[in-house]
Every structure is written in C-alpha cells, then in structure tokens.
Amino acid sequence: RIDPTIIFYGGEPLLNASAVLEGCKYIREKLPSGIISMVTNGSMVNNEIARVLFNANVVVSVSLDGPKEIHNQIRKFPNQEGTYGDAERGYRILQKNGVETSISFTIGSHNINNLKESLEFLVNELNPSGIGMNFLLDTHFGKNPYAIDMDLATEKSIEGFKYLRDNGIYED
C-alpha cells in the first residue's frame, strides 16, 4: 500500500488559513501516515499557524528565489513592495516551531546568471531540508519578462543540483 500525498499549492493557500488548517488536522486524523505538504509565500505564517502545521506533520516549502535583492525583483506585493522580508520571517517561524521546511526556488531571468550564488545564500542562511527548483516559463505568449530559455535553465539547474547534492541538500 502506498500512502497518499496531499499538497496545498497554488496562489497562496494561507489566504484561507482556517480552512487549510482544519483540512490538515482532518487529513492527519484520517491518514496518519500520509504525506501532507504545502507551498506558501510565507507572508501569512505566524506561531499559531506553525504550531498547527507542526502538529499535523505538514512539510512546508516557502517560495524564495535567492537573496533579498534578487527575490524582490520578481516577488512583490500589489503595492510593489518586495516580499523577501515576510517570506524569510515566515520561514524562520516555521523552523522555530519545528516544522520541516524546504524552499521552492523559481529559476527565471532575475536569478539565472547567479543561480549557484543564490542557492549558496539560501543554504547558508536558512538551512533548508530541501530545495525544489522550478522553471519560470512564458505562458503569456512572450509577455513575461522573467521567463527563461529552457536550454539555459536546464544547464544552470544541473549546476545547481550538483551544488545541492555536494552539500547534502535534497532537490525536490
């Protein structure tokens, strides 16, 4: 028998935190050995949310694309303020509360030229259990300025994978 995996992902799951947290508790009760994971931007994480996620044994991945100056080029609130500070704060709250934390790392034109340095920063500063690398593709017919060429992205992600492997970090 294979245990099911349930992932809260897309948009920001914690925009409806009460439903997600109740869902996590319910899932854990019904599937004690199943895997529950969540990808979040970290901005809405607080100690109460982190405790519920810990108690439900949810693995959480926070979206971070490198150091503040790189991350904030593309990840912004509607008021155009960068999200790095809130993402890091949420990440650290999760860690402090014992939640298994990893990083969702999007590769785009904002970090492709210093991908390894961005990964080094995240590994050294945040000590993640894993990093998942994702490609930012152009789904807007040539209108996304941060989309990257797949050949270049593949080449750079292989370099990133080798760095992570050499440093004992699991690539999701």
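Is Asp 151 buried or exposed? In this predicted model, Asp 151 has a relative accessibility of 62% and is therefore classed as exposed, the cut-off for that class being over 50%. The residue is part of helix α6, which spans residues 150–166. On the surface, Asp 151 belongs to a patch of negative charge, where it gathers with Asp 149, Glu 155 and Glu 159.

Another acidic residue, Glu 12, is found in a buried setting. Glu 12 is placed in the loop that runs between strand β1 (5–8) and helix α1 (17–30). No salt bridge is formed by Glu 12, as the nearest side chain of opposite charge, that of Arg 75, is 8.3 Å away, and a salt bridge requires the side-chain nitrogen of Lys or Arg to be within 4 Å of a carboxyl oxygen.

The relative accessible area of His 71 is 0%, so the residue counts as buried, for which the limit is under 20%. Between His 71 and Ser 118 the separation in sequence is 47 residues, while their C-alpha atoms are 9.3 Å apart in space.

Conventions: Residues are numbered from 1 along each chain as its sequence is written. This is a predicted model: local features need pLDDT of at least 70, side-chain atom pairs count only at pLDDT 80 or more; totals for chains, interfaces and linings use all residues. Side-chain values use heavy atoms; hydrogens and water are left out. Patches are made of residues with over 30% relative accessible area and no salt bridge: like charges are joined within 9 Å, nonpolar side chains (Val, Leu, Ile, Met, Phe, Trp, Tyr) within 5 Å. Accessible areas come from the Shrake-Rupley method with a 1.4 Å probe; for residues, only the protein chains shown count as cover. Lys and Arg count as positive and Asp and Glu as negative; His and the chain ends are not counted. The place of a charge is taken as NZ of Lys, CZ of Arg, CG of Asp or CD of Glu. Helices (H or I, at least four residues) and strands (E, at least two) are DSSP runs, numbered from the N terminus. Buried means under 20% relative accessible area, exposed over 50%, partly exposed in between (1.4 Å probe, protein chains only).
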